[in-house]
Amino acid sequence: MANGLLPFRLLTSCTLNPQTHQHVPQRPVLSAADHFGCRQFFQSFSSPNPALTVNDLQPVVPHNGGSFRLLPWQFPCTGCMAGRIGLGSRLLATDQGRPWVSDNGTFAFGFTPSDTRDLFLVGIWFAELPGDRTLVWSANRNSLVTKDAILELDTTGNLVLMDGDDTVWTSNTSGSRAEFADMSESGNLILYTANNRAVWQSFAHPTDTLLPNQPLTVSLELTSPKSPSHGGYYALKMLQQPTSLTLALTYNLPDSFDESPEGHTNYSYWASPDISNVTGDVVAVLDEAGSFGVVYGQSSNGAIYVYKNDGDYDGLSSAANKLNVRLSVLRRLIIETNGNLRLYRWDNDVNGSRQWVPEWAAVSNPCDIAGICGNGICNLDRSKTNTSCTCLPGTSKISSAAGETYCSQNSSMTGKCDYGNRNRTSDFKIATVQQTNYYFSYFSVLANYSDIAPVSKCGDACLSDCDCVASVYGLDDEKPYCWILRSLDYGGFEDPSSTLFVKVRSNVSLEPGGDRRGSGSGSSSVHDKILVLPIVLSMGVLIGLLCLLLYYNVHRKRHLKRSMESTLIFEGAPLSFSYRDLQLRTCNFSQLLGTGGFGSVYKGSLSDGTLVAVKKLDRVFPHGEKEFITEVNTIGSMHHMNLVRLCGYCSEGSHRYGV
């Protein structure tokens, strides 16, 4: 049947009604959206199907009565599937080369390898960039799947990601009468009903990336992946004030803080200009020219630019009404794992290579980003671009399985009161971190004192408050302030005008992890000396033991060498001379008697005045000292009237001499 079908397949256009198995009249030239129907039909003949016969496939008469023709792009795609995706369609993790693509091949949707070996992501990427699968949307970025995973648009209209028997992700569109999916040219994956009504779209569930013409409404937000080490993440969202809206970047604490008020679980460290007294929709948008901002009003005729690109003549408002438009320049706006919001543009010629080029970033100073060091302190280098993190007293530096190093609160830092002993301050002490400020939400504030003049009094105020874990002292318009805090969550930064005081237990070292700026106060310095003295003494004893061990090993080797020589040199055998001895006996080899094939001969004399000839052996005995001494013993034992007697030798390092 397949052999009879093949030539017919190449000459005609067709579709197939899945319910009746009857052909449906169709235009003679198939669009990319029709590929799936025919492709599915032809694939059905790869396995026996008694319900289908070759008669089910009928030629379609062209409208103009001309001959049949099929353009090259009408053949079923061997590496991808374009256009409408019908119910029952599947993607397999083991078949990564067959994603669903948009009509013109700009975007693709399917499985792609993650950074973790043998685990996969389901997402959307730019299909026309060879070798680059930077995701712009993902269904399961926090729940990777194995090679056994399957993504299916099932018969109920639900898009489901399964990994074995586990449901990892779903579009929750069962019963919505979705009939097909479409990967659009704007990068939006959409589920449609039969009358082309959208019931679900990826643009309504963004992850970390905003594409050109993609609306970010008040109810939506971009979020970075959660940190594998401490669970925190960053977000770009609209913050609602009583009379205004602000587009802001926030650092959000892990899910374990969800029971706390929202004001405590996130901290805003960057914001756009306020939008006050507006009517109509408020939408953040990136336009095709690369400008980013907020449009508002009944007709989206109001706009506030966050970043305006050169050559943007149409304005932000035009982007609000463009959806399925193919992009002439590829751009993406992403909230990165380091908390910065950055705009990238694809450039086909960057010093001979093709890559993403950054065009704009919301934050120029990395230490202006809360949580970049967890709850530790962010430090800038001299270039003001690279950061390093130090940990607070009472916290420890931890390396996660993902390779991250971060500061985590440890049990020595206290913020919990012992209500039976509220006034026992002797259990705690204050560690001072100079020239350091701290990010905190108003929920964290226990009190704010403006009448504390000496800096140290701010630390004392925290020590006397059972609920306090830290306090911050600084100046505001030359007036001192002291904030008393119940938690340290969002991290600190260098600030010459501020001082941070951290409460720790009395038995905890005041040295923060990797931080040389921390110093104790009062009796804590004496406590530190008591701790340091035993450490120094222990190190001294250890160094002494190492020196003794080294001395013992050196003399043991010398003893073994002498023992070896004594066992090899028997009674009456030639004597062993050191190289230094021969230098003295030959006046530093100053009198050359002659040279031979094996070396030079020098005049010398022994201690009893006996004249000797000392021959330097250049090209013999290359194997080692033991072999050389064996040869000396053999030669020394020979006596003949025509032979000069061998009375000694030297074998020291690389020196080989016969005497």
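Predicted model: local features only at pLDDT ≥ 70, side-chain atom pairs only at ≥ 80, totals over all residues.
Are Cys367 and Cys378 buried or exposed? Cys367 is buried, and Cys378 is buried as well. My presentation takes the disulfides, then the aromatic rings, then the charged side chains.

Let me start with the disulfides. The count for this structure comes to four disulfides. In one of them, Cys367 and Cys378 are bonded, with 2.0 Å between their sulfur atoms. The torsion about the S-S bond is -75°, and the link of Cys367 and Cys378 is left-handed. This pair connects distant parts of the chain: Cys367 belongs to the loop between strand S25 (353-361) and strand S26 (377-380), while Cys378 is in strand S26 itself, 11 residues apart.

Please turn now to Cys458, which a disulfide joins to Cys482, at 2.1 Å from S to S. Which hand does this disulfide of Cys458 and Cys482 have? Its torsion about the S-S bond is about 85°, so the disulfide is right-handed. Here too the pair links distant parts of the chain, with Cys458 in helix H4 (residues 455-463) and Cys482 in strand S33, 24 residues apart. Cys458 and Cys482 are both buried.

A further disulfide connects Cys462 and Cys468, again with an S to S distance of 2.1 Å. The link of Cys462 and Cys468 is left-handed, with -100° about the S-S bond. Cys462 is buried, and so is Cys468. One more cysteine deserves mention here: Cys650 has a relative accessibility of 0% and therefore counts as buried.

I move on to the aromatic rings. How many aromatic pairs does the count give? It comes to 24 aromatic pairs. Take Trp100 and Phe109 as an example: their ring centres lie 5.8 Å apart and their planes meet at 40°, so the pair is tilted. Trp100 is buried, with a relative accessible area of 0%. Phe109 is likewise buried, and its relative accessible area is 0%.

A second example is formed by Phe440 and Trp483. Their rings have centres 5.4 Å apart and planes at 50°, so this pair is tilted. The pair links distant parts of the chain, 43 residues apart: Phe440 lies in the loop between strand S30 (428-438) and strand S31 (445-449), and Trp483 lies in strand S33 (residues 479-485). Why does Phe440 count as buried? Its relative accessible area is 17%, and buried means under 20%.

Rings can also be linked into a group. In this model, ring pairs connect Tyr234, Tyr251, Tyr267, Tyr269, Tyr439, Tyr490 and Phe493 into a cluster.

The charged end of Arg84 is placed over the ring of Phe180, at 4.3 Å from the ring centre.

My last topic is the salt bridges. A search of the whole structure finds eight salt bridges. One of them is formed by Lys147 and Asp148, whose closest N and O atoms are 3.7 Å apart. Lys147 has a relative accessible area of 52% and is exposed.

Another salt bridge brings together the side chains of Glu359 and Arg331, at 2.9 Å from N to O. Glu359 lies in strand S25 and Arg331 in strand S23 (residues 331-335), so the pair ties together parts that are 28 residues apart in sequence. How do the two partners compare in exposure? Glu359 is partly exposed, with a relative accessible area of 22%, whereas Arg331 is buried, at 7%.

The side chains of Arg345 and Asp347 also meet in a salt bridge, at 3.3 Å from N to O. Arg345 counts as partly exposed at 22% relative accessibility. Which residues do shared partners join into one network? They are Arg331, Arg345, Asp347 and Glu359.

To close, I return to the counts: four disulfides, 24 aromatic pairs and eight salt bridges. Thank you for your attention.

Technical notes: Residues numbered from 1 in each chain as written. Heavy atoms only, no water. Phe/Tyr/Trp six-rings, centres within 6.5 Å; stacked < 30°, edge-to-face > 60°. Buried < 20%, exposed > 50% of the residue type's maximum accessible area, 1.4 Å probe, protein only. Helix = DSSP H or I, 4+ residues; strand = E, 2+ residues; numbered from the N terminus. Lys NZ or Arg CZ within 6 Å of the ring centre and 35° of its normal. Disulfide = S-S within 2.5 Å. Salt bridge = Lys/Arg side-chain N within 4 Å of Asp/Glu carboxyl O.
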